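Open the model in your viewer and keep the selection panel at hand. The stops below go from one selection to the next.

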Amino acid sequence: MEAATVQMFQYSSWTDLRNFEGKTRGSLRYTQRTKEDKRLRVVALALDKRRDHRQRSVSDKNSSALLDTGSLLHSPFDEEQILKLLQKKAEEVKPYLNGRSMYLVGMMGSGKTTVGKIMARALGYTFFDCDTLIEQAMNGTSVAEIFEHFGESVFREKETEALKKLSLMYNQVVVSTGGGAVIRPINWKYMHKGISIWLDVPLKALAHRIAAVGTGSRPLLHDDESGDTYTAALNRLSTIWDARGEAYTNASARVSLENITLKLGYRSVSDLTPTEIAMEAFEQVRSYLDKEDGMARPDGF
């Protein structure tokens with residue numbers, strides 16, 4: 001079931017991806033909203049009853065890594081039901097996207113790549129990781145090496161070039177952006193050609209997640225090596241958040257992992273699976289499209 005949930009995509013080159021044409025927009029009508037929301041609540045209750053509490057007490061260090069790897073804590077039956085709901089939500093939203101792409105933004109370690117792959121698969125879109133595209137453009141040089149040998153400014157220029165190409169040349173893609181993509185206004189110009197989705201994860205959860213997998217691939221976390229790995233990561237993340245936090249609010253839709261945790265009755269955000277986060281992302285995109293459609297209709301219609 002894990003393979004059915006997260007298929008490991010091979011990153012396409014620029015010439016591999018077809019140039020999809022957008023569809024003519026129409027008014028949004030989500031006639032199945034109440035029915036699907038009710039089904040989601042029923043499944044959530046079933047998950048609570050079926051969950052093995054001893055399994056859910058896994059340590060923060062281990063559970064925080066689950067989002068990055070795509071591992072699932074639910075039984076195959078539970079996950080099958082969630083996947084069916086995810087597919088229904090994707091099919092519900094897709095006709096009203098009119099071919100528009102989706103750009104996932106958020107702090108490092110927020111799960112943009114894992115969740116983005118699941119969303120792309122459900123929509124039948126192509127997935128791109130912006131960092132990978134930059135590495136390809138730099139002849140395979142890793143992000144960490146780009147920062148070390150060329151500096152952050154070169155990386156940011158390459159990041160903007162990648163977003164420009166994605167937004168101008170392609171439709172129907174899901175893009176995982178770098179954590180700092182939000183700090184350049186020009187990047188928002190490109191991302192707003194599609195729909196941007198902010199994965200909002202509490203800093204403490206991010207620090208646990210990053211401490212579990214290490215900071216080797218995250219050059220911006222190398223500045224603070226004091227204390228234990230978790231404390232160092234949390235301190236550095238807090239500094240980065242102070243500089244970027246407000247920029248994330250420019251996103252079209254916000255997916256709060258704390259809100260999902262409360263809605264599903266879990267104990268912590270580390271209990272969430274990538275599929276559940278992807279489902280909430282589709283829900284928030286649907287709400288955004290509803291508002292967009294409402295603003296587009298004249299009063300009285």
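The model is predicted, and local features need pLDDT of at least 70, side-chain atom pairs pLDDT 80 or more, while totals for chains, interfaces and linings use all residues. Residues are numbered from 1 along each chain as its sequence is written, and side-chain values use heavy atoms, without hydrogens or water.

**The sheet.** Select the five strands, which form an open, parallel sheet in the order β2-β3-β1-β4-β5. Strands (E, at least two residues) and helices (H or I, at least four) are DSSP runs numbered from the N terminus, and two strands pair if DSSP finds at least two bridges between them. The edges are β2 (126-129) and β5 (253-256); each has a single partner strand, so one side of each has no neighbour in the sheet. Ignoring direction, neighbouring strands are turned by 20° against each other on average; the axes are lines fitted to C-alpha atoms, with angles between N-to-C directions running from 0 to 180 degrees.

Now show β4 with β5: four bridges join them in the parallel sense. W198 stands opposite R254 in β5.

**S196.** Select S196, in strand β4 (residues 195-200). Is S196 buried or exposed? S196 counts as buried because its relative accessibility is 0%; buried means under 20% relative accessible area, exposed over 50% and partly exposed in between, with a 1.4 Å probe and protein chains only. The S196 side chain reaches the backbone nitrogen of S252 at 2.9 Å. Beyond four places in sequence, S196 has contacts (heavy atoms within 4.5 Å) with Y103, W188, N250, A251, S252 and A253.

**Helix α13.** Move to residues 229-248, where helix α13 has a kink of about 50° centred on D242. The bend at a residue is the angle between axes fitted to the seven residues ending there and the seven starting there. Buried residues of α13 include L234, L237, I240 and Y248. Among the elements covering the buried residues of α13 are β1 (102-105), α10 (152-169) and β4.

**Helix α10.** Select A162, which lies in this helix and is buried at 4% relative accessible area.

**The cores.** A nonpolar core is a set of buried Ala, Val, Leu, Ile, Met, Phe, Trp, Tyr and Cys residues joined through side-chain atoms within 4.5 Å. The largest has 67 residues, and L97, M102, M119 and I197 have the most contacts inside it. Helix α15 (residues 274-296) gives this core its largest share, seven residues. Apart from it lies another core of six residues, including M138 and F147.

Conventions: Polar contact = N/O pair within 3.5 Å; in protein donor to acceptor, adjacent residues only side chain to side chain.
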